[in-house]
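I opened my notebook to look up a few things in a protein model, one step at a time. Here are my entries, in the order in which I made them.

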Amino acid sequence: MCLEVDDNQRVILKLWIQAAASKSELAGLYGTPPRLKVRVAAPPVEGAANEEIIRFFAKLLGISKASISFIRGHQS
């Protein structure tokens, strides 16, 4: 599943990111095992897409940007 809760009660989202999209949005489930597909308007250069993912989810969930972090995959 694309959502887990770890031992420290942190929510872990497993995502498939499409950078350089026309707009930032949720795009449903993708792949096997399923990941939440997210399109982001920022290009995948110099961390711009990563920053957009954090901004997008902070706004969507109504939480601070500092509350969001990447576990892995943030460089590819």
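**Entry: a term to start with.** Before looking at any side chains, I wrote down that a polar contact is a pair of N or O atoms within 3.5 Å; within protein, one must be able to donate a hydrogen and the other to accept it. I also noted that this is a predicted model.

**Entry: Glu52.** I began with Glu52 and found its place in helix H1. The side chain of Glu52 makes a polar contact with the side chain of Arg55, at 2.6 Å. Is Glu52 buried or exposed? Glu52 counts as buried, because its relative accessibility is 14% and the cut-off for buried is under 20%. I then left aside the neighbours within four places in sequence, and Glu52 turned out to be in contact with Ser24, Val40, Ala41 and Ala42.

**Entry: the partner, Arg55.** I checked the pair again as a salt bridge, and Arg55 does form one with Glu52, with the closest N and O atoms 2.6 Å apart. Both residues lie in helix H1, which covers residues 48–61. Arg55 and Glu52 are 3 residues apart, about one turn of the helix. Arg55 is partly exposed, with a relative accessible area of 34%.

**Entry: salt bridges elsewhere.** How many salt bridges does a search of the whole structure find? I got 5. One of them joins Glu4 and Lys14, whose closest N and O atoms are 2.5 Å apart. This pair links distant parts of the chain, 10 residues apart. I found Glu4 in strand S1 (residues 3–5), while Lys14 sits in the loop between strand S2 (11–13) and strand S3 (15–18). I looked up the accessibility of both: Glu4 is partly exposed at 35%, and Lys14 is partly exposed at 23%.

**Entry: Arg39 and Glu25.** Next I looked at Arg39 and Glu25, whose side chains meet in a salt bridge at 3.0 Å, N to O. This pair also links distant parts of the chain: Arg39 belongs to strand S5 (residues 35–39) and Glu25 to strand S4 (residues 25–30), 14 residues apart. Arg39 has a relative accessible area of 28% and is partly exposed; Glu25 is partly exposed too, at 22%.

**Entry: the sheet.** I followed those strands into their sheet. What is the order of the strands in this open sheet? The 3 strands run in the order S3-S5-S4, with mixed pairing. S3 and S4 stand at the edges with a single partner strand each, so one side of each has no neighbour in the sheet. On average, neighbouring strands are turned by 25° against each other, direction ignored. I saw that S4 and S5 pair in the antiparallel sense over 4 bridges. Tyr30 stands opposite Arg35 in S5. Back to the helix: H1 lies across S3, S4 and S5, and runs at about 95° to S4.

**Entry: aromatic rings.** Last, I searched the whole structure for aromatic pairs and found 2. One of these is formed by Phe56 and Phe57, which are edge-to-face, at 5.4 Å centre to centre with 85° between the planes.

Technical notes. Residues are numbered from 1 along each chain as its sequence is written. This is a predicted model: local features need pLDDT of at least 70, side-chain atom pairs count only at pLDDT 80 or more; totals for chains, interfaces and linings use all residues. Side-chain values use heavy atoms; hydrogens and water are left out. A salt bridge is a side-chain nitrogen of Lys or Arg within 4 Å of a carboxyl oxygen of Asp or Glu. Helices (H or I, at least four residues) and strands (E, at least two) are DSSP runs, numbered from the N terminus. Buried means under 20% relative accessible area, exposed over 50%, partly exposed in between (1.4 Å probe, protein chains only). Contact means heavy atoms within 4.5 Å. Rings of Phe, Tyr and Trp (its six-membered ring) pair if their centres lie within 6.5 Å; planes under 30 degrees apart count as stacked, over 60 as edge-to-face and the rest as tilted. Two strands pair if DSSP finds at least two bridges between them. Axes are lines fitted to C-alpha atoms, for helices over the stretch in contact, and angles run from 0 to 180 degrees between N-to-C directions.
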